[in-house]
Amino acid sequence: MITYNNLYDNGNMKLVASLGCVKVFEHQRDLSVTPSSAMAAYYASEMNVRKRQVLIELNGNSFTVQAGAMQWTAGAVSMTSGIKSVGDFLGKAITSKVTKESAAKPEYQGNGLVMLEPTYKHILLEDLSQWGSMVLEDGLFLACDSRIRQNVVARTTLSSAVAGKEGLFNLCLTGNGIAVLESPVPRDELIEFDIKDDEVKIDGNMAIAWSNTLKFTVERSSKSLVGSAVSGEGLVNVYRGTGKLLMAPTM
């Protein structure tokens, strides 16, 4: 049996979000400072530049975590490589090359706690049952319920990768469970589009996640070259169909 002191009752660690067995704590101030760094730490805190940590409370379930993200575990928690066979390893190795994700993501299972490393990025907790399949921009994945399938999806057209200044492949999460993402902006600044047989056009790669049911292309902002020139916009990213989309307008 383990008793936790100065964890859940830590006055400097504020619980800012929770979903299911996942909690997000935010360090209100960096208390480990020196006189020379105190001013920078103070203004960083005032401007919402704070360390955040994810705590996963396992109760017989398992979570897949980005390689190197675990800080500590407590209780009857075991770790496996997440590699089920040679073929699985080769498939994940190929996936890692095209999505810039780790080839092997460890899985933690059992009964106890898993604390992830502090990060200055903002943490998003997404219920994947509300998405079906979620396509992620590079670098967003932090952890997910191990029941969630991870696979690679390719751009539907070459133009969406070349003209849109994006890669050819993205990581796609499919299934039911919680996905933990690292966002460049806080949840309060993200705009969520719920699209039903319609389209959203974005000038730039500000969409950070979208349903795999949406078709992503890059098109001229106007049907005519003159119209595009007059508007001052050349090419725009177009998400068309039915699904959800998250956009970070302040990136």
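This is a predicted model: local features need pLDDT of at least 70, side-chain atom pairs count only at pLDDT 80 or more; totals for chains, interfaces and linings use all residues.
View 1. Residues are numbered from 1 along each chain as its sequence is written, and side-chain values use heavy atoms, with hydrogens and water left out. Helices (H or I, at least four residues) and strands (E, at least two) are DSSP runs, numbered from the N terminus. Of the 251 residues in the chain, 43% are buried. Buried means under 20% relative accessible area, exposed means over 50%, and partly exposed lies in between (1.4 Å probe, protein chains only). The accessible surface of the chain comes to about 13100 Å², and carbon and sulfur atoms account for 55% of this. Such areas come from the Shrake-Rupley method with a 1.4 Å probe, and for residues only the protein chains shown count as cover. A contact means heavy atoms within 4.5 Å. Among contacts between residues at least 6 apart in sequence, 77% join residues at least 24 apart.

**View 2. R187 and E192 form a salt bridge.** A salt bridge is a side-chain nitrogen of Lys or Arg within 4 Å of a carboxyl oxygen of Asp or Glu. Side chains of opposite charge can pair when their charged atoms come close. The closest N and O atoms of R187 and E192 are 3.5 Å apart. R187 is partly exposed at 35% relative accessible area, and E192 is partly exposed at 38%. The structure holds 12 salt bridges.

**View 3. A salt bridge joins E46 to R29.** The closest N and O atoms of this pair are 3.3 Å apart. E46 lies in helix α1 and R29 in the loop between β2 and α1, so the pair ties together parts that are 17 residues apart in sequence. Is E46 buried or partly exposed? E46 counts as partly exposed, at 43% relative accessibility. R29 is also partly exposed, with a value of 41%.

**View 4. Helix α1 (residues 38–46) contains Y42, a member of a nonpolar surface patch.** The patch is formed by M39, Y42 and Y43, which together have about 380 Å² of accessible area. Patches are made of residues with over 30% relative accessible area and no salt bridge; like charges are joined within 9 Å, and nonpolar side chains (Val, Leu, Ile, Met, Phe, Trp, Tyr) within 5 Å. Y42 is partly exposed, with a relative accessible area of 42%.

**View 5. N48 has a positive phi, and D197 has one too.** Most residues other than glycine have a negative phi. Phi of N48 is near 65 degrees. N48 is found in the loop between α1 and β3 (52–65), where N48 is partly exposed at 31% relative accessibility. Phi of D197 is near 50 degrees. D197 lies in strand β12 (residues 191–202) and counts as exposed, at 73%.

**View 6. Strand β13 (residues 207–211) is mostly covered.** Five of its five residues are buried. Two strands pair if DSSP finds at least two bridges between them. Strand β7 (residues 133–136) pairs with β13 in the antiparallel sense over three bridges, and S211 in β13 is the bridge partner of M134. Three bridges also join β13 to β15, and these two strands run antiparallel. A207 stands opposite M247 in β15.

**View 7. Confidence in the chain is lowest in α4 and highest in strand β2 (residues 22–27).** The score used is pLDDT, the predictor's confidence in each residue, from 0 to 100. Its mean is 45 in α4 and 98 in β2. Over the chain the mean is 86, and 81% of the residues reach 70 or more. How many contacts beyond four places in sequence does the model have for residues 225–232? It has eight, and pLDDT stays under 50 over these residues. Over residues 85–90 pLDDT also stays under 50, and there the model has three such contacts.
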